[in-house]
Amino acid sequence: MIKGDTRVHSLYGSPVSHSLSPVIFNRTFEKLCLNRTYVPFEITKDKLEDAVEAARTLGFDGFNVTMPHKTAIIEMLDHLNDGTEMIGSVNTVSRTNRGLVGHNTDGEGAVRALRSYGFEPNNKRILVLGAGGAAKALVHRFSRENNKIRILNRTLDKARQLADRASGPCRISYGELDKNSLENSLRDTDLLVNSTPIRTSALLSQLKIPLNKLKDTGWVFDLAYDKHSEPIPAGSGMISPLEMLVHQAALSYEIWLNETAPFALMRSSLVDWLGKDWK
Ligand SMILES: NC(=O)c1ccc[n+]([C@@H]2O[C@H](COP(=O)([O-])OP(=O)(O)OC[C@H]3O[C@@H](n4cnc5c(N)ncnc54)[C@H](OP(=O)(O)O)[C@@H]3O)[C@@H](O)[C@H]2O)c1
């Protein structure tokens with residue numbers, strides 16, 4: 001129940017109505033009898049600055065940021081935690097005595113999800129589609145290991161900028177997200193990470209690439225999810241975006257509450273709500 005002293009967390013993005021983060025957080029807060037709530041707000045690009053000021057004024061106890069604000073929000077914050085500046089994208093904001101601090105839990109959340117499927121992102125050929133906020137976090141994380149990373153994006157310049165930022169032992173290349181580049185890259189890929197909002201099957205169909213071309217790709221990891229679709233098919237080689245969603249949410253929880261997150265409870269909260277596990 002929301003009371004006079006309930007701590008408020010929120011999500012800023014557009015769109016947000018499909019988001020499953022409120023389910024994970026509110027069910028978890030409820031089960032642990034924590035006097036906290038999590039509210040999604042539809043915030044368009046032109047309203048982000050006002051929304052960040054509102055979070056300060058209203059004293060939100062930390063909030064998440066999603067598409068399309070992960071990069072733009074950086075200049076509206078007071079500090080970035082270690083490493084987030086290098087990533088160039090924020091998905092979690094904490095309220096501290098130093099003001100609003102930006103963090104990014106997407107990269108570590110993705111790696112934890114991959115590991116839960118037995119995939120270790122080291123010495124692997126990784127193809128990343130998209131070069132937005134989520135791609136920045138994942139490429140930054142993958143570039144810390146000896147991976148071979150290829151980035152394909154609709155806007156070539158953004159793929160180049162992302163490749164230029166990468167450091168560490170990885171080998172990195174980039175190109176435009178078109179039929180030839182994607183079709184050629186699929187052959188030499190252990191992991192395809194699709195960080196565009198379009199499902200891989202739909203993207204292939206738009207580019208007139210037969211779906212069976214994916215058979216040479218070890219694992220397919222769509223980051224986008226849709227609460228109206230069935231839980232992700234459990235077929236071999238598919239990493240569920242929901243596994244990453246819970247891991248990155250658990251990392252946000254730890255930043256806000258400064259304690260170990262109840263990961264199993266957060267995961268089962270979502271599984272129960274969906275009525276089905278995704279693995
Ligand atoms: N499962 C999870 O836990 C999790 C975590 C993070 C994000 N996500 C999901 O990942 C997706 C991306 O998030 P984001 O924050 O990275 O968004 P973003 O910063 O807005 O970036 C979106 C990227 O997708 C590309 N794109 C957009 N529409 C496209 C289209 N029609 N065809 C081809 N490429 C297109 C953009 O290309 P341009 O550069 O050309 O605009 C850009 O590179 C969202 O669906 C988000 O919900 C899921």
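1. Asp-222 lies in strand E11, which spans residues 219-222; strands here are DSSP runs of E with at least two residues, helices are runs of H or I with at least four, and both are numbered from the N terminus. The model is a predicted one, in which local features need pLDDT of at least 70, side-chain atom pairs count only at pLDDT 80 or more, and totals for chains, interfaces and linings use all residues. Residues are numbered from 1 along each chain as its sequence is written.

2. Asp-222 counts as buried because it has 24 C-beta neighbours inside 10 Å. The term buried requires 20 or more other C-beta atoms within 10 Å of a residue's own, exposed means 12 or fewer, and partly exposed lies in between, with C-beta atoms placed from the backbone. Leaving aside residues up to four places away in sequence, Asp-222 touches Asn-194, Arg-199, Thr-200 and Pro-241; a contact means C-beta atoms, placed from the backbone, within 7 Å. Between Asp-222 and Gln-206 there are 16 residues in sequence and 16 Å in space, C-alpha to C-alpha.

3. Helix H5 (residues 133-142) is largely enclosed by the rest of the structure, because ten of its ten residues are buried. Among them are Lys-136, His-140 and Arg-141, as well as Leu-138 and Phe-142. The cover over these buried residues includes helices H3 (84-87), H4 (106-116) and H6 (156-165), together with strands E7 (125-129), E8 (148-153) and E10 (191-194).

4. The ligand is surrounded by 27 residues, of which Gly-132, Ala-134, Arg-154, Thr-155 and Ala-224 are the closest; a residue is near a molecule if its C-beta atom, placed from the backbone, lies within 6 Å of it. H5 and helix H9 (241-257) are the elements that contribute two or more residues to this shell, and H9 gives the largest share, four residues. Domain 1 (7-104 + 245-274) and domain 2 (107-224) each supply at least three residues to the shell, the bounds coming from an automatic or database domain assignment.

5. Overall, the protein has ten helices and twelve strands, and 41% of its 279 residues count as buried. Among contacts between residues at least 6 apart in sequence, 63% join residues at least 24 apart.

6. As to confidence, the mean pLDDT (the predictor's confidence in each residue, from 0 to 100) is 94, and 96% of residues reach 70 or more. Over residues 227-236, however, pLDDT stays under 50, and the model has 13 contacts beyond four places in sequence for this stretch.

Conventions
Contact = placed C-beta atoms within 7 Å.
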